[in-house]
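These are my notebook entries on a structure that is new to me. I set down what I looked up, in the order in which I looked.

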Amino acid sequence: HNNTLARSLWLAYGCRLPYKKSIVRLIKGKEVPFDLRFGFLPVLLPGYDTPLNMIVVKGFGTKPMMLLTTLPIESKEKDIWFVIQAYIKRWCIEETIRFIKQTYDLENVRLLKYTRLQNMMALLLAVFYFISVILDQSQKLTIMAGYIIKSAKRVFGVPDFKFYALGDGLYNIFSRHPGKPKAYKQRKESQLTFGFT
């Protein structure tokens, strides 16, 4: 920064943070406000000529959050906030992928053909779409989601990312009332074949 070699954390602590935003997160069913302050510094990485911007955010934890971007920052507050929101959204996507892998034991699925794996992923994404979008569309479905979460029998309450509890609840409900899917064709093989190919 300014043709001087420095540690990123030192730069973050010395960065001016002229912009403020307040966000609200649900933690244990209660709205908790976070007051964020943020700013940026133009920087370069040693050995590279690409101009970079280091965005510094304070308010999430004890240490400032530092984000490095090649995006130009022209309308300062608006451009900085865009990068911060994109980073937060990225973590939501990571959490969603982790949820799908853990709840539906995706990495333990044994399918012998790529088409079958595609079919399984289509079904899995349809299930996730149902619990993340459809269940929040009307009051009746929201009440039903509440019953599903209740049937998950969580000892320590429902976390912010409620889809784990919904997945556990659906598992408990369907394990008490087992059945077979009716809309499928049975081939000579033992695999179920759906019409997604």
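How many bridges join S3 to S4, and do they run parallel or antiparallel? I found that five bridges join S3 to S4 and that the two run antiparallel. I note the rule that two strands pair if DSSP finds at least two bridges between them. Helices (H or I, at least four residues) and strands (E, at least two) are DSSP runs, numbered from the N terminus.

**Entry on the source.** I recorded that this is a predicted model, in which local features need pLDDT of at least 70, side-chain atom pairs count only at pLDDT 80 or more, and totals for chains, interfaces and linings use all residues. Residues are numbered from 1 along each chain as its sequence is written, and side-chain values use heavy atoms, with hydrogens and water left out.

**Entry on confidence.** I looked up pLDDT, the predictor's confidence in each residue, from 0 to 100. The mean for the chain is 77, and 69% of its residues reach 70 or more. Among the elements, S3 has the highest mean pLDDT (94), whereas strand S5 (residues 185–186) has the lowest (51). I remind myself that where pLDDT is low, the predicted coordinates should not be read in detail.

**Entry on the overall layout.** I counted five helices and six strands in the chain. From the N terminus on, their order is α-β-β-β-β-α-α-α-α-β-β. Of the 197 residues, 26% count as buried (buried means under 20% relative accessible area, exposed over 50%, partly exposed in between; 1.4 Å probe, protein chains only).

**Entry on the hairpin.** I returned to S3 and S4, which form a hairpin with six residues between them. In the turn, Gly59 has a positive phi of about 130°. Val57 stands opposite Met65 in S4. Six of the seven residues of S3 are buried, so S3 is largely enclosed by the rest of the structure.

A polar atom of the Thr69 side chain lies 3.0 Å from the backbone nitrogen of Leu71.

Tyr48 lies in the loop between strand S2 (30–43) and strand S3 (52–58), and is exposed at a relative accessible area of 56%.

**Entry on Tyr104.** I located Tyr104 in the loop between helix H2 (76–103) and helix H3 (114–132). Tyr104 is partly exposed, with a relative accessible area of 23%. Tyr104 and Tyr171 are 67 residues apart in sequence, and their C-alpha atoms are 9.5 Å apart in space.

**Entry on the start of the chain.** Most residues other than glycine have a negative phi. Asn2 has a positive phi of about 55° although it is not a glycine, and Asn3 has one of about 60°. Asn2 is exposed at 64% relative accessibility, and Asn3 is exposed at 84%.

Note on methods. A polar contact is a pair of N or O atoms within 3.5 Å; within protein, one must be able to donate a hydrogen and the other to accept it, and residues adjacent in sequence count only if both atoms are side-chain atoms.
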